[in-house]
Amino acid sequence: MAASAADVRSALSIPDATLAAGPSQQKKPAATPAARKPEGISRELYSLIGPSAPSIAAQLAKPRLKQKPNLTGGGKVKWEERPFKNAARKDGLELRHWVKASTDPAAEYPFAKYNVPPVSYTYSQDEFTRFLEDKEWTKEETDYLFNVVQEYDTRWYIIHDRYSYPEGTPRTLEDLKDRYYSVCRKLVRNRPWAGDEASRGQLISTFQFDKERELTRKKYLLSLENRTPEQIAEEEALYIEIKRLEQNERKFKRDREDLLRTIAGIDSGLPDIVEDDGGPLGITVDTKKLRKKGSIMDMDSPATPSALSISTPLIKRPPTAKNTAYDAQHCIIRTDLSANAPATKAAHQAAYIRSFKLPVPKAAIAPKIAQAFSELGLSHSRLVMPTRENCAQFEALLEATTALVETKRVVDKVEYDIQVLKGQLGMRTSQPAEGEDGGEGEDAGGGDSKTNGDSMEVDDAPENEDERAQSVVSTRSGRSRKHVSSCDV
Amino acid sequence: MVNYGGDEVSALVVDIGSSSLRAGYAGDDTPKAIIPTSYGYLPAPPDADISMLDVTEGKDPVNTPKFAKIYIGQNGPSIWREGMEIGNPVIDGLIQDFNPIPPLIEHALKEVMRCTPSEHPTLVTEPTWNTTANRERMAEIMFEEFNVPAFYIANTGVLNAFASGKGSALVIDVGQSMASVTPVVDGFVLRKGLVYTALPKLVHAHARHTLASPTQSRRAIELLPHQLISNKMPIEPGQSPRYTLREDRMQGTTESWRNWAEAREVDEWIQSVAGVLDQGWNDQYAASRPAKQYEFPTGYNTYFGADRFHVGEQFFWHSPQLASNPSLPKNIPALITESLRACDPELRQVLMGNVVLTGGGSLFSGFTDRLSTELSRTFPHVRCTKIHAPGNPVERRYGGWLGGSILASLGTFHQLWISKEEWQEHGKAIIGQRCK
């Protein structure tokens, strides 16, 4: 088999048969001697390691080396010096250069294709008299202009530099451009046009030139250049001042928001406050006035618009009536941003699954809630079908359970307190002399005022458990209720 | 080959400046032949037979009627010869005397490069303020005397911009005799913005005056070249020199050779000692910089302190009493301002962002730093002023040649050559049409 493969190779004149044969060729001869016991290994040892010893096979196989680079053949390139003619030239100049002998001697000079003549417009005397008459420009001078434009390939700065029409009035760059482009426009407009109107309009638009605008622009550029160093310094200083004021304003606003949140709770209508706060706007107006006073041309400096754009306040858009109608029609339910998110940051709320945002019970009472749920035969952590209604119900349930557990805890505590107090009362009745002082002391040391208040309540209405539970819930867990409502409305 | 746009046709590039003539093959990064433009000659006796005395071979005697013998190259003017005068064809950057030009070019191409000009297209450079007559004469010399197959004459301002890889640039070229500011846009010179003065000459004169006039601490310095001194003794700094003159040579030394040799001494002193402060003149700062020691060929040596910075100050600032003189060459900031004022306001920002500093004179110690200070001071509204100043002295001194080398090796350039055929057909007019 190996021999036949070699034959095929030699027939196909593939040079490196041994190297190309590779591992598949080498393995087979290596396997055959390994089946027999090699010389120099005792029979016992050989029977232990057996014929499948990989180390021996590896030793017997020839190491495979990287293929040697082919240095001998194929690297030779013949170069020769050849005369060539340049198709871009009008004369028959022959220069000599070195090229690979393999290149085609008849081929066109490769650089000739870069010789692109510019498109030029010419006009007849008749066309000139009909369309192109201008009291500023004679036909001769227009001809001259077109020649120069052609010669310098519409490089306008050069054209303006080299333009010197004898006995002509001195022309500005804008004069030249205006004349050239207006002539081109008129020619395109008045000549028969082969293509459609759109392409003609497009061509005309490439010849559009607004001289007045260009002149104004140049004037602005000049005035920008003619600022004195003091003016530039003042401008810089003002710019830095604006930045500083803006930063101060932002900081102030943030502080105020923090303060409001601390005082008035989480969603105390902060968006409204942001909206009616005209601070940054007022500042930019002020600085604008300042800048105007400083130097009039500063208004045109590029720094001004950027400063303005930065200070534009981010206004929160309230939902319009149209939006609400649209939402109702398409069953879109909008949820407010979570009140936990900082109101200053216009945080982007990514899409999320409703069930992910279900409230989690507090860690302290979580086991009790779990217990209560399991008593009801429910899973407290997972909803099988987390629709909006289900989620709301689940939340309500969770909330109720939390309230229940809390109430239970309070009740337990109060009962304990009652027991203690009863015990004390018993002691006081038995020992009336020291009772007063001891009672006061117990009260003062008896923990926070809230439990005290609760205990008073309990004293007032010890029977009415439900009512008391309600009141407890309503006073203390406003936070979690707010949270729920804001999460999924 | 096509990738980088190069196609070498073994063109020659010849760049003639005030101090040296550079020649080499296009595509090289350094000229092969650099010879001084100054040449030594023995004046022809008025009634002698010129063709008999003219020993330089291959030269048309009609074009060199002035010289009995001409000495060119490294062993030309620098070797003392009895009665040898020194001439320089280039005055204020322009070739004023075309008689020695063919021998100079011939020496560079045939003696130094050992090539045959008739086989190579040749690109010659010209200063921006060159006259039409001059460039036509140059074309005539190349075509008629050297028989070049093709010729082109290119502007040094444009070539310097090309050498730094820019199509648009403000080229500040400080040479040996002229300082020029050339706005280049898209490979064309804006002629209205071109300004040039003989500022380096003023600096040179100032330096010479500084050396030749005595101060409180030192005596006036004799600027004797080493060729005229037979021996000297080593002495302490500031002591009067002890040397013996070569009395045998004093007799045969011509005035022009003496001038040339002294100018060389001054130039060497400028190159090794003189400098310019990078922040403008400040007595205290100048005094705080270390003094430099310099020894003259007479053996006299001394330390130069603040004096050496006064020399460079001439490039950038003229004292008010000097400035009232209307013939005073303008300083560099004034040149730049004048040049920019002539340009379109839109171009100014572009040009200031592409300042190319070139020429041997710009290698003056501290020149680049001072220039950037002056630019930011004079043009505070320009946001980014960028100075391109090659650090390699060869690139800085021979920027014009280097740009020519780049240009003449471009494949797209070969359509611009003026061929001999065109020259014969159209005559001198073709030069102005082709080389814009």
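Visitor: Which residue stands opposite Tyr41(B) in β6(B)?

Guide: In this predicted model, Tyr41(B) has Glu85(B) of β6(B) opposite. Strand β4 of chain B, residues 39-43, is joined to β6(B) by 3 bridges, and the pairing is antiparallel.

Visitor: To which sheet do these strands belong, and in what order do the strands lie?

Guide: They belong to an open sheet of 3 strands in chain B, ordered β5-β4-β6 and paired antiparallel. At the edges are β5 (67-71) and β6 (85-87) of chain B, each of which pairs on one side only. From one strand to the next, the twist averages 35 degrees.

Visitor: How many strands form the open sheet that contains β21 of chain B, and what is the sense of the pairing?

Guide: That open sheet has 6 strands, in the order β3-β2-β1-β9-β10-β21 (chain B), and the pairing is mixed. The edge positions are taken by β3 (33-36) and β21 (418-419) of chain B; each has a single partner strand, so one side of each lacks a neighbour in the sheet.

Visitor: How is β21(B) joined to strand β10 of chain B?

Guide: Strand β10 of chain B, residues 150-155, runs antiparallel to β21(B), and 2 bridges join them. Within this pair, Phe151(B) stands opposite Ile418(B) of β21(B).

Visitor: Which strands does helix α4 of chain B touch where it packs on the sheet?

Guide: Helix α4 (residues 156-163) of chain B touches β1 (12-16), β9 (122-126) and β10 of chain B, and its direction makes about 85 degrees with that of β10(B). Helix α15 (residues 399-408) of chain B also packs on the sheet, where it touches β1, β2 (20-25), β9 and β10 of chain B. The direction of α15 makes about 155 degrees with that of β1(B).

Visitor: What are the overall figures for chain B?

Guide: Its secondary structure comes to 17 helices and 21 strands. Of the 436 residues in chain B, 56% are buried. Among contacts in chain B with a separation of 6 or more, 70% are between residues 24 or more positions apart. The accessible surface of chain B is about 18,500 Å², with 49% belonging to carbon and sulfur atoms.

Visitor: How many helices and strands does chain A have?

Guide: Chain A has 21 helices and 2 strands. Buried residues account for 24% of its 489 residues. In chain A, residues 24 or more positions apart supply 55% of the contacts with a separation of 6 or more. Its accessible surface comes to about 34,600 Å², and carbon and sulfur atoms contribute 57% of that.

Visitor: At what angle do helices α16 and α17 of chain A cross?

Guide: Two packed helices are described by the angle between their axes and by the distance between the axes. Here the axes of α16 (residues 366-376) and α17 (residues 388-430) of chain A cross at roughly 115 degrees and come within 10 Å. The crossing of α16(A) past α17(A) is right-handed. Lys368(A), Ile369(A), Ala372(A) and Phe373(A) of α16(A) meet residues of α17(A) that include Phe394(A), Leu397(A) and Val405(A).

Visitor: Is Glu225(A) buried or exposed?

Guide: Burial is judged by relative accessible area, with a cut-off of under 20%. Glu225(A) has a relative accessible area of 13% and is therefore buried. This residue lies in helix α10 (residues 211-225) of chain A.

Visitor: With which residues is Glu225(A) in contact, leaving aside its neighbours within four places in sequence?

Guide: Glu225(A) is in contact with Pro345(B), Arg348(B) and His381(B). With Arg348(B), the side chains of the two residues make a polar contact at 2.6 Å.

Notes:
Residues numbered from 1 in each chain as written. Chains lettered and ligands numbered in written order. Predicted model: local features only at pLDDT ≥ 70, side-chain atom pairs only at ≥ 80, totals over all residues. Heavy atoms only, no water. Pairing = 2+ DSSP bridges. Helix = DSSP H or I, 4+ residues; strand = E, 2+ residues; numbered from the N terminus. Contact = heavy atoms within 4.5 Å. Axes fitted to C-alpha atoms, helices over the stretch in contact; angles between N-to-C directions. Buried < 20%, exposed > 50% of the residue type's maximum accessible area, 1.4 Å probe, protein only. Areas by Shrake-Rupley, 256 points an atom, 1.4 Å probe, with all protein chains shown as cover. Polar contact = N/O pair within 3.5 Å; in protein donor to acceptor, adjacent residues only side chain to side chain. Left-handed = near helix turned anticlockwise from the far one by under 90°.
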